Amino acid sequence: MRKAAQELLANAKLAKDQKYNMIVDPLVDGNSGVQTEATAAMEQSVVQLVKESYQQVDVKPFTSETVSTLPLLMVGTFTPINLQGKADGERDAYRICFALADLKTGKIISKGLARSLPDGFDPTPLALFREMPVWSKDAATEGYVKTCQGTKAGDPINPAYIDTVLAASTINEAMKAYHGKRYKDSLALFQSVLKNPAGNQARVYAGIYLNQVKLGNKKGAMQAFGQLVDMGLATDRLAVQFNFKPGATAFSQDQQPQYSQWLSEIARQSLRQTSCIEVAGHTRRGMSEQMDERLSLQRAEFVRQKIAAANPAFAKRSQAKGYGSQRAIVGTGKGNDSDALDQRIEFKKVSC
């Protein structure tokens, strides 16, 4: 990590007799766009390195006020990879990517790259990402990742990202409030960012949903969940994070009431589509690819039958399919909160 950070800062060629302000848009997992304990710790280490070795750089909080001054902006990804080059194999290392951009010019001024073994890193998602009901790698998140991974020094910042930086700063403040259990403040910030067209993001509606749940507002929570379903179906990537019993088909008992509400909303919106729906099951990497595929199919069919029981029309307009661990997003096979996203059900429009 320090190698990538030192390379980033050295290549920036920052004049020692000039003062610079710098902000950091929180680092993310490069596959999922999720902030984790590892990315948060890495960000802290980079900031500490800047403070120790680059006195001409003043690291400012990532807020709308600092964004408006057009400072230097750092982004970064921490991506699980397979050193053997297998697309569906165990992720046994990490690729670290840092990019430093100048908001005044709108261009990348420096990059830093490195690889690392997984020892010592905690890939567990931060609370908001761990608890969100629906995962979506929307245009803003993809733009962030591409700004880091798909550029070189001198390139413009990815357009899908640069247009959302101001919204991202408010989202960052809202997430900090959520993690600090200041749910009313967090809700107000998430709702305020919707006034900005760039704030129309899945993580914003997920934040509104979670805060409404914490505040006991079921109606407001389900309205936000409905927005997540609508966005997911529109982009053909509605990935719902259900908590299944380990190695089993059924849901965990304590999740039943909210899951019933989720499934009803998914059915309601699915039946408004002219196409049919594939209910696709995905699992963590287990002991056997064949077992993973069978378990994922059983879970997909279980979810399909739960929806059809309440909405019989869904049965004729849907089909279940199991992909096992072939399309893992995290792929580390840890079997805990860090790779819970691999254990998901996706709803996708298909031809009837």
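**Disulfides**

I started with the disulfides and found 2 in the structure; the term covers a pair of cysteine sulfur atoms within 2.5 Å. This is a predicted model, where local features need pLDDT of at least 70, side-chain atom pairs count only at pLDDT 80 or more, and totals for chains, interfaces and linings use all residues. Residues are numbered from 1 along each chain as its sequence is written, and side-chain values use heavy atoms, with hydrogens and water left out.

I looked up Cys 97 and found it joined to Cys 148, S to S 2.5 Å. The link of Cys 97 and Cys 148 is left-handed, with -125 degrees about the S-S bond. Cys 97 sits in strand β5 (residues 93–102) and Cys 148 in helix α5 (residues 139–149), so I noted a link between distant parts of the chain, 51 residues apart. For these labels, helices (H or I, at least four residues) and strands (E, at least two) are DSSP runs, numbered from the N terminus.

Are these two cysteines buried or exposed? Cys 97 is buried at a relative accessible area of 3%, and Cys 148 is buried at 0%. My cut-offs: buried is under 20% relative accessible area, exposed is over 50%, and partly exposed is in between (1.4 Å probe, protein chains only).

Next I took Cys 276 and Cys 352, whose sulfur atoms are 2.1 Å apart in a disulfide. This link is right-handed, with 115 degrees about the S-S bond. Cys 276 is in strand β9 (residues 276–281) and Cys 352 in the segment after β11, so the pair ties together parts 76 residues apart in sequence. Cys 276 counts as buried at 9% relative accessibility, whereas Cys 352 is exposed at 69%. With the bonded cysteines numbered in sequence order, I wrote the pairing down as 1-2, 3-4.

**Strand β4**

I then checked strand β4 (residues 72–81), where 10 of its 10 residues are buried. Leu 72, Met 74, Gly 76, Phe 78 and Pro 80 point one way; Leu 73, Val 75, Thr 77, Thr 79 and Ile 81 point the other way.

Which strands does β4 pair with? I counted a pair where DSSP finds at least two bridges between two strands. Strand β1 (residues 20–24) runs parallel to β4, with 3 bridges; Val 24 has Met 74 as its bridge partner in β4. Strand β2 (residues 28–29) is also parallel to β4, through 2 bridges, and Val 28 has Thr 77 as its partner there. β5 pairs with β4 in the antiparallel sense over 10 bridges, and Gly 76 has Phe 98 as its bridge partner in β5.

**Nonpolar cores**

I looked for cores next, meaning sets of buried Ala, Val, Leu, Ile, Met, Phe, Trp, Tyr and Cys residues joined through side-chain atoms within 4.5 Å. The largest has 54 residues, and Phe 242, Val 303 and Phe 347 have the most contacts inside it. Helix α10 (residues 218–234) gives the most to this core, with 8 residues. Apart from that core lies another of 27 residues, among them Leu 8, Met 42, Tyr 54 and Leu 100.

I listed the contacts (heavy atoms within 4.5 Å) of Phe 347, leaving aside neighbours within four places in sequence; they include Leu 233, Val 240, Phe 242, Ile 277, Val 303 and Ile 307. As background, nonpolar side chains tend to be buried together in soluble globular proteins.

**Aromatic pairs**

I found 16 aromatic pairs. Rings of Phe, Tyr and Trp (its six-membered ring) pair if their centres lie within 6.5 Å; planes under 30 degrees apart count as stacked, over 60 as edge-to-face and the rest as tilted.

The ring centres of Phe 244 and Phe 251 are 5.3 Å apart and the planes are at 45 degrees, so I put this pair down as tilted. Phe 244 is buried at 3% relative accessibility, and Phe 251 is buried at 0%. Phe 251 also pairs with Phe 302, with centres 5.1 Å apart and planes at 75 degrees, so that pair is edge-to-face. Phe 251 is in the loop between β8 (238–240) and α11 (256–270), and Phe 302 is in helix α12 (residues 289–310), 51 residues apart. I noted Phe 302 as partly exposed, at 22% relative accessibility. Phe 244, Phe 251 and Phe 302 belong to one aromatic cluster that also includes Tyr 209, Tyr 259 and Trp 262.
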